[in-house]
Amino acid sequence: MTFKLGLTGSIGMGKSTTAKMFADLGCAVWDADAAVHRMYSKDGAAVAPMGGAFPDAIVDGEVSRGVLKEIISQDANALKTIESIVHPLVAQDRNDFLAETKAEIAVLDIPLLFENGAEAMFDAVACVSVSPDIQRQRVLARGTMSEAQFESILSKQMPIADKIAKSDYVIETDTLEHAQQQVRSVIEDIKQGLKNA
Ligand SMILES: CC(C)(COP(=O)(O)OP(=O)(O)OC[C@H]1O[C@@H](n2cnc3c(N)ncnc32)[C@H](O)[C@@H]1O)[C@@H](O)C(=O)NCCC(=O)NCCS
Ligand SMILES: Nc1ncnc2c1ncn2[C@@H]1O[C@H](COP(=O)(O)OP(=O)(O)OP(=O)(O)O)[C@@H](O)[C@H]1O
């Protein structure tokens, strides 16, 4: 049996970086944002349905994230429509991964894990966390979102304190070394639990 660890946190708090640390230590990793990237690219499963709802968002046969962000900032209902198209496809991709993996520990990196009430499907949930100031700095430093786009996405997410309260593990992502240490302890703790089960 594979142990299913959900990995979540607020935007830009270090989910992908932390997921890679789990992968480097032998865990199988599935990433919801990466699944969306595959679906938005040429021949991806979301291109046709997204084109039906937002024809302008299809550029060169792909879903353009730049155009989508413009649409989202002008239309209060757009994100809900996008989610209704994308989330069932993401759930299917996740279930396919879980059906195939043989790993002892599978880590599923899911930004909206608690927002979508998915916690019941995991054996445990780990939440990454860093101060709001560092979070903002890191997201804006990427240069892919304006301050307004960042605020708008943030306002749609559950407050980080609530995510932490619902999680079994918290991983502080203040430095890479500190996060790596905590990832090692989480894995040890899970393996200890599996041994005693
Ligand atoms: C809003 C979009 C265009 C922004 O694209 P961009 O390349 O700038 O960012 P990226 O996809 O890497 O997402 C960055 C972060 O934004 C947050 N975020 C993304 N979508 C959402 C959402 N629907 N609600 C709340 N937060 C979200 C997450 O923390 C995510 O990790 C894109 O995220 C999107 O199409 N989102 C809708 C699909 C979705 O809900 N994805 C979330 C994982 S299933
Ligand atoms: N432990 C850490 N120490 C220092 N910097 C970190 C750490 N973890 C992540 N970062 C930095 O923070 C930024 C955001 O990290 P990452 O992309 O992993 O976050 P994310 O939660 O996956 O983001 P998003 O929600 O946008 O998908 C990156 O620039 C990354 O290098």
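**Exercise 1. Find which atom of ligand 1 is approached by Arg-65, and then describe the polar contacts and cover of this ligand.**

A polar side-chain atom of Arg-65 lies 2.6 Å from an oxygen atom of ligand 1, where a polar contact is a pair of N or O atoms within 3.5 Å; within protein, one atom must be able to donate a hydrogen and the other to accept it, and residues adjacent in sequence count only if both atoms are side-chain atoms. The model is predicted, with local features needing pLDDT of at least 70 and side-chain atom pairs counting only at pLDDT 80 or more, while totals for chains, interfaces and linings use all residues. Residues are numbered from 1 along each chain as its sequence is written, chains are lettered from A and ligands numbered from 1 in the order in which they are written, and side-chain values use heavy atoms, with hydrogens and water left out.

Next, the side chain of Tyr-40 places an N or O atom 2.6 Å from an oxygen atom of ligand 1, whereas the side chain of Glu-83 has an N or O atom 2.6 Å from a nitrogen atom of ligand 1. The protein covers 91% of the 760 Å² of accessible area (Shrake-Rupley method, 1.4 Å probe) that ligand 1 has on its own.

**Exercise 2. Work out which helices and domains supply the shell around ligand 1.**

Of the 17 residues around ligand 1 (a heavy atom within 4 Å), those that come nearest are Asp-33, Tyr-40, Arg-65, Lys-69 and Glu-83. At least two shell residues come from each of α2 (32-40), α4 (65-74) and α5 (78-100), helices being DSSP runs of H or I with at least four residues, numbered from the N terminus. Domain 1 (1-27 + 104-197) and domain 2 (38-102) each give at least three residues to this shell, with bounds from an automatic or database domain assignment.

**Exercise 3. Describe the surroundings of ligand 2, beginning with the residues that are closest.**

Ligand 2 is surrounded by 15 residues, of which Gly-12, Lys-15, Ser-16, Thr-17 and Arg-142 are the closest. The helices α1 (15-24), α6 (132-142) and α9 (176-196) each supply at least two residues of the shell, and α1 gives the largest share, three residues.

Turning to contacts with oxygen atoms of ligand 2, a polar side-chain atom of Thr-17 lies at 2.6 Å, a side-chain N or O atom of Asp-33 at 3.1 Å, and a backbone N or O atom of Met-13 at 3.3 Å. The protein covers 76% of the 640 Å² of accessible area that ligand 2 has on its own.
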